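Have the model open as you read.

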Amino acid sequence: MKKLNVGMIGGGFMGKAHALAYAGMPMFFWPAPAIPHRHTVVDVTDELAKNAAARLGFDNYSSDWRAVVENPEIDIIDIVTPNDSHAEIAIAAAKAGKHIISEKPLARNAAEAKLMLDAVRAAGVKHMVAFNYRRTPAVALAKKYIEEGRIGKILNFRGTYLQDWSADPNSPLSWRFQKKIAGSGALGDIGTHVVDFARYLVGEISDVMAVAQTWIPERPLQTGGADKLGTVKGDNEAPKGAVDVDDEFITLVKFANGAIGSIEATRNAWGRNNFLTFEIHGEKGSLYFNYERRDELKVSFADDPADSRGFRTVYTGPAHPYGEGLWPIPALGIGYGETKIIETYDFLKSIASDTSVSPDFADGYQIAVIADAILESAEKGVWVKAAAELA
Ligand code: NAI
Ligand code: SOE
């Protein structure tokens, strides 16, 4: 079985999730399309990188991502750094002929994302952007029902992503609150996951009409380091820095196929944790998903008997997408790790079988175009077109 050497750039939250997926994928999906080998992990200092290698099971470590990108032993570059370095690393990796998986959002804006797309296309390498939530089996099941026509023509998509880790003003000014690093706030960080759902399940978004707000304009400074997502508080007496990204946005959307809908995201909604939801209404039925109950897809079909009409719950398991590799009884529990394991499986399958995989950098670019359009609409108070030229 082919072994593919991974060079992973970044050893924080996503470094942990991706390393777990490299270790776990062949245990779930056997025969594996290829065996991912944790070759080298990179972080900003040798000390951090050495620590990451020990924790995450990599053979080697480095503080020089350029050297790792150029290393002929490496087959895959995995980008799990904050958003400002995705483009530079991906473009260098493409030039070096490496297959690339990059965390979301693909880049800070559409212009950067386009350069990344051009680079992977010119190099002919495989590329994927890590919108892993669409690989939750219940979400893939919704896609299957839609493709089978079970809910008919789609009329409406209503999507939310609500968290509360930044609602406390003492959650420090990590990279996620700085435009020069993150590109945007709740929009790029979590709203783009909902945009991915909308495009995956309904179709291309053509127009947006948005509002956006920054609720907490300054936060205690944090110098460098991984984002602890509000679990380590800043010092209220410490110097503060300005937040220059959105804390919250809401947008109306029009789809190219005529459907309409809304998308909203905030990290300031006390009581909400990973409240990533969609409700889709079609001419023949409705579907509802909430990641906080990710084993469940709620379904209601128009031809259900009148005396039992209403949402019922399908618990995902062996009969459903990816069921052949996951746990043998429905509702044993799909976790965040499993979504990353499935993502890794599909990415390695695309490399081993020389086929494309979705979402790829073209999807990441179109999502960046939509995100830019949402910001423009919020600023100008007008509808904005959101379609990229993808010739
Ligand atoms: P984090 O702050 O936990 O970790 C980032 C790591 O990258 C740190 O160890 C940092 O020292 C290192 N780093 C920064 N610049 C570097 C460079 N130039 N070279 C090497 N290492 C560098 O960040 P987290 O949460 O892991 O986020 C990373 C990326 O993953 C972001 O793009 C984020 O949007 C995305 N993400 C995606 C999630 C998903 O569900 N798909 C969940 C969380 C984050
Ligand atoms: C923080 O809001 C975060 O870690 C995002 O960066 C991820 O994309 C999301 O999946 C979980 O929350």
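## Hairpins in the sheet

Helices (H or I, at least four residues) and strands (E, at least two) are DSSP runs, numbered from the N terminus. The two strands, β14 and β15, are antiparallel and share four bridges, and Leu287 has Val299 in β15 as its bridge partner. This is a predicted model, where local features need pLDDT of at least 70 and side-chain atom pairs count only at pLDDT 80 or more, while totals for chains, interfaces and linings use all residues. Residues are numbered from 1 along each chain as its sequence is written, and chains are lettered from A and ligands numbered from 1 in the order in which they are written.

Another hairpin, through two residues, links β13 to β14. Here the pairing is antiparallel over six bridges, with Thr277 opposite Asn290 in β14.

## The whole sheet

So where do those strands sit? The open sheet has nine strands with mixed pairing, in the order β16-β15-β14-β13-β7-β12-β11-β8-β17. Because β16 (312-315) and β17 (384-385) are at the edges with a single partner strand each, one side of each has no neighbour in the sheet. Pairing here takes at least two DSSP bridges between two strands. As a reminder, strands of a sheet pair through backbone hydrogen bonds, either parallel or antiparallel.

For a parallel pair, look at β7 (residues 154-162) and β12 (residues 260-266), which are joined by seven bridges. Thr160 is opposite Glu264 in β12.

## Helices across the sheet

Helix α6 (residues 137-147) lies across β7, β14 (285-290), β15 (296-301) and β16, at about 165 degrees to β14. Helix α8 (residues 186-201) lies across β7, β8 (205-213), β11 (248-255), β12 and β13 (275-282), and runs at about 155 degrees to β12. Axes are lines fitted to C-alpha atoms, for helices over the stretch in contact, and angles run from 0 to 180 degrees between N-to-C directions.

## α1 against α9

Away from those two, helix α1 (residues 13-28) packs on helix α9 (residues 336-353) at about 70 degrees, with the axes 8 Å apart. That makes α1 roughly perpendicular to α9 (angles under 35 degrees count as roughly parallel, over 145 as roughly antiparallel, 65 to 115 as roughly perpendicular and the rest as oblique). From α1, the contact uses Ala17, His18, Leu20, Ala21, Tyr22, Gly24, Met25 and Phe28, and from α9 it uses Tyr336, Gly337, Lys340, Ile341, Glu343, Thr344 and Tyr345. Contact means that the C-beta atoms of two residues, placed from the backbone, lie within 7 Å.

Sorted by class, that contact has nine nonpolar, four polar and two charged residues. Ala, Val, Leu, Ile, Met, Phe, Trp, Tyr, Cys and Pro count as nonpolar, Asp, Glu, Lys and Arg as charged, and the others, Gly among them, as polar.

## A covered helix

How many residues of α4 are buried? Seven of the 10 in helix α4 (residues 86-95) are, so the helix is mostly covered. A residue is buried if 20 or more other C-beta atoms lie within 10 Å of its own, exposed if 12 or fewer, and partly exposed in between, with C-beta atoms placed from the backbone. The buried ones are His86, Ala87, Ile89, Ala90, Ile91, Ala93 and Ala94.

Their cover includes β1 (3-9), α3 (65-70), β4 (76-79), β5 (99-102) and α5 (110-123). After α4 comes Gly97, with a positive phi near 80 degrees.

## Around the ligands

Ligand 1 has 23 residues around it, and Gly10, Gly12, Phe13, Met14 and Glu103 come nearest. Its shell has 11 nonpolar, seven polar and five charged residues. A residue is near a molecule or strand if its C-beta atom, placed from the backbone, lies within 6 Å of it.

Around ligand 2 you'll find Gln163, Asp189, Ile190, Leu229 and Arg267. That shell splits into two nonpolar, one polar and two charged.

Most residues other than glycine have a negative phi, and most peptide bonds are trans. Lys104 and Pro105 are joined by a cis peptide bond, with omega about -20 degrees, and Pro105 is in the loop between β5 and α5. Ser358 and Pro359 also have a cis bond, with omega about 0 degrees, and Pro359 is in the loop between α9 and α10 (361-380).

Ala331 has a positive phi near 70 degrees and lies in the loop between β16 and α9. With 12 other C-beta atoms within 10 Å, Ala331 is exposed. Asp354 also has a positive phi, about 50 degrees, and is in the loop between α9 and α10. Asp354 counts as exposed, with 7 C-beta neighbours inside 10 Å.
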